[in-house]
Amino acid sequence: MFFFGLLSFQLYSQELLPFVENYSKSNYQGDNQIWNVAQGNDKAMYFANNHYFLRYDGVLWEKYMLPNKTIIRSVMVDGDKIYSGSYKEFGYWVRKDGKMIYTSISNSTTVFDEKENEEIWKIFKIQNIIYFQSFNGIFLYDGKKIKKTPLPFLISYCFVIDNQLLIASVNKGIYRMNNAKIEKIKGWSIIDNNVIHSIEKHQNKIYIFTQKNGVFVEEKGSLHPWKNPLNDKLKGYNINVARFIKNNKLIIGTATKGVFIFDLKNNSFQNINRNNVLINNSILSIGQDKEDDLWLGLDNGIAHIEVNSPISIFYDNSGILGSVYSVATTEKGYLMASNHGIFEYENKNLSLIPNTQGQAWNISKINNKYLIGHQEGTFVYDNGMFSKLNSINGGWNLTKSNIDNSYLQATYSGVVIYNNGNDLSQNIVVKGLLKPIKQVSKIRKNEIWAADNYRGLYRILYNNAFGTTKVENVTQRCKITNDFGVKIFEFRNEVLFLIQNSWYTYNPISNQLEKNEVFNSNFKNVSDIVAIDESHFMVLQQGFLYHIYANGNKFVWNHIQEKYYKGKIINDNLKIFKSKDHYLLNLDDGFIALQSKYEDSPKVVDIKLEAYNNENLVQNKSKISYNSELRINVISGIFGTLKPNLFYKIDGKSNYISINEGVIVLNNLTSGSHKITIFNNNGLQYYSISNFQFVVAKPWYFSFWMLLIYILLISVIFYLYYKWNKIRYIQKLALREEELKHQKKILEMELKAENELNSKEYERHILELEIKSKSSEVLGKSLSIAKQSEMIENIQEILDNETDFNTLKSAIKKAIKSNAANKHEWETFEENLNQIHNQFSNNLSQKYPNLTSKDIKLCIYLKMNLSSKEIAPLMNISFRSIEIQRYRLRKKLNLAKEENLSKFLLSFN
């Protein structure tokens, strides 16, 4: 073990400061200087900002200009009126229909001479008379008339002390005005030739604040310099403004060093300037709200300082400190573990401990010692001395066992047990789990729960000799696949596990993880949780911090406003250090100190609702146009820690919706009546505190006149449709009639054509019948001729065979008689044959002109498919002659040997 020196060289001065909320020109869209600040009876803050008159109600910034666009130097609140003074102009503002309306007082009468260059720098009220002060005179206004009181000297400012008006000249001392008479205050000549910027009375003492010579105090008739060690420094800072506030505190605003907050009870002070949190060092004006918090008008911007808040902030704007992962209080200040090393803060000095550079994770107090987990090992701070305890790297967290006095440390390489808090040099490394462990817990003997930095929950069992007997991955065994970033939380002697937005407890009987009904119903969507004590803990839910007080079976939620830590929470490294009446929470650039006891939020909160539609103020139960945005500003007039945690419901739906930054924006609303109900949550339940009702008009296309137009249009359409149908019907009838006529004509033509066709068909049929008849007749005649030929042949045969003349004569007569009638038939046969085959004969004669009539007649018989034997009697020649004639015919027709004469003639056309 070795020791380091007490402290390294001093890096810079820092201190725990009240929370400061800065507003730059980008917020209020105005000019640089803020000459005056006041809070109205409507709880809104009003500012004199050069060319602009500013208003801020905690939700919306508004800016206005005077009609003559002159520079506004002063504001003062009296009832519902906000008086303002500018160059050769003063008057008042009132709020009407969501806008500030200005009324000039000086413009109604001849107040300022043309040659005067007067500016109203201060406004105040004494016994119902409003005073407007310039550098050359005072203008008194009783509500009706203006009285001008010129002064014989140049003045800086006027001040009201004990209902009397004190006038501070530029170089001739301080005067008192009494019944329009001006007299110099005796005994105060020590401050002659000084520019007086403020006079305040506090605890029967009058404090006079000069610009360059510090503070003077008048007590028991004697005026002397303020006996404070800081008074000499104030002379070099140029005092611009000063004011006493409650709790015996004095506020001094300077031109070069920001603002000083003096606590006269213990003679201590805080200096808020640009080196820590203020955006500008030049303080031009000081105002207070009804929460007794400060509003500073700066040379460039506005600052809201919560001097009475239970929350304080340790800032580091330089980046030297780095991100703070753990913080603890010491007897003289604070210890901080950051990613840059281990720092000590004492006597407003912040110092880096030598040789501790690197990532420091955790600071825990054991008895009177501080155990510090660091990437290079574990360190101990004891009575101002630092020493390295061991080389076990990465002590993320340290947890005290609930069943004994041992401590368990979660490190890069597993779990370390310290059994003796008085002798931390003795430790035991738990074997069997060589993993980066982020969180540990021990609520049963010989059992440790350990959460891996990445994924997995482990249950470690060991014997009395600290020998590991079992190490099991419980999430894996319970088949919980998504077990990344497990959180362990001890509550009322029970250990709970937060695994992917679900809470589990371990059932030793079933040896299984079971969902915890109480925590799953009360703490949904929680990403981190850290214990403060047995009844208090902190949760991070959807990016918002809540302080939880467990009161029996109820959980009281205290919302910590996001502005105190916005963008500064270190995910998965939320740590709390409790110290007496407050606790510390680490941030990305320092830490936040919160008092253990908060003031209970009031159940009933006085709020004001201002609704706007198309930038026009909408009154309750009014109508807005369809498909337009409705913006409802929920104004509480509370700017500090007591600002209520408000929610709303629309039309009585079940879900409470948080009101972010005091604004409710509604779009795509259905037509009809709607109701917005505002609720305050005091940490335990919701209370209805206000409501706003409105009606969304029907879409323009459903308005009365549009419906009337629709009816007229539909009527016209139906009428036109009726007329069109009627015309179409008439046209259809005419067309039908024309079509019928046309069809009739076509039918007649078709009938005529059909009749003609039938007639032709009939004629053709008759002709065919005639041809058939003649063909039959020809055939019959041919057969008759054949019989005659046969008769001749018979006679010839008789002549050849019979010798007897009588018998021969008788036989010949008989044969001739049987065939005598065939001569007429032959003539008819030839006539019909020529008619039937006339075309054939002509075609044959044209193609073969060398054919004789006998050749053509033979061709006709062959075409009729008659044999040579049948043809011979028809042509009255022998069978032999027919064969010879056929041979000759073949030659005339030029037929080849293989060609058939009959087939040729049959196919010839």
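Is Arg459 buried or exposed, judged by its relative accessibility? Arg459 counts as buried, because its relative accessibility is 12%, and buried means under 20%. Keep in mind as you look around that this is a predicted model.

Arg459 has a partner. It forms a salt bridge with Glu447, and the closest N and O atoms of the two are 2.7 Å apart. This pair links distant parts of the chain: Arg459 sits in strand 46 (residues 457-462) and Glu447 in strand 45 (residues 447-452), twelve residues apart. Glu447 counts as buried too, because its relative accessibility is 4%.

## A pair within one helix

Now turn to helix 2. Here Lys235 forms a salt bridge with Asp232, with 3.5 Å between the closest N and O atoms. The two are three residues apart in helix 2 (residues 231-235), so about one helical turn separates them.

How accessible are these two residues? Lys235 counts as partly exposed, at 34% relative accessibility. Asp232 is exposed, with a relative accessible area of 55%.

## Where two helices cross

Two packed helices are described by the angle between their axes and the distance between the axes. For helix 9 (residues 853-863) and helix 11 (residues 879-892), the axes come within 11 Å and cross at roughly 100 degrees. That angle makes helix 9 roughly perpendicular to helix 11.

Which residues meet at this crossing? From helix 9 come Lys854, Asp855, Leu858, Cys859 and Leu862, and from helix 11 come Gln885, Arg886, Leu889 and Lys892.

Side chains of opposite charge can pair when their charged atoms come close. The side chains of Lys892 and Asp855 meet in a salt bridge, at 2.6 Å from N to O. This pair also links distant parts of the chain, with Lys892 in helix 11 and Asp855 in helix 9, 37 residues apart.

The two partners have their own surroundings to compare. Lys892 counts as partly exposed at 26% relative accessibility, whereas Asp855 counts as buried at 5%.

## The wider picture

Salt bridges can also share partners, and in this model such bridges join Asp42, Arg55, Asp57, Glu62, Arg95, Lys608 and Glu610 into one network. How many salt bridges does a search of the whole structure find? The search finds 29.

Notes. Residues numbered from 1 in each chain as written. Predicted model: local features only at pLDDT ≥ 70, side-chain atom pairs only at ≥ 80, totals over all residues. Heavy atoms only, no water. Axes fitted to C-alpha atoms, helices over the stretch in contact; angles between N-to-C directions. Helix = DSSP H or I, 4+ residues; strand = E, 2+ residues; numbered from the N terminus. Parallel < 35°, antiparallel > 145°, perpendicular 65-115°, else oblique. Contact = heavy atoms within 4.5 Å. Salt bridge = Lys/Arg side-chain N within 4 Å of Asp/Glu carboxyl O. Buried < 20%, exposed > 50% of the residue type's maximum accessible area, 1.4 Å probe, protein only.
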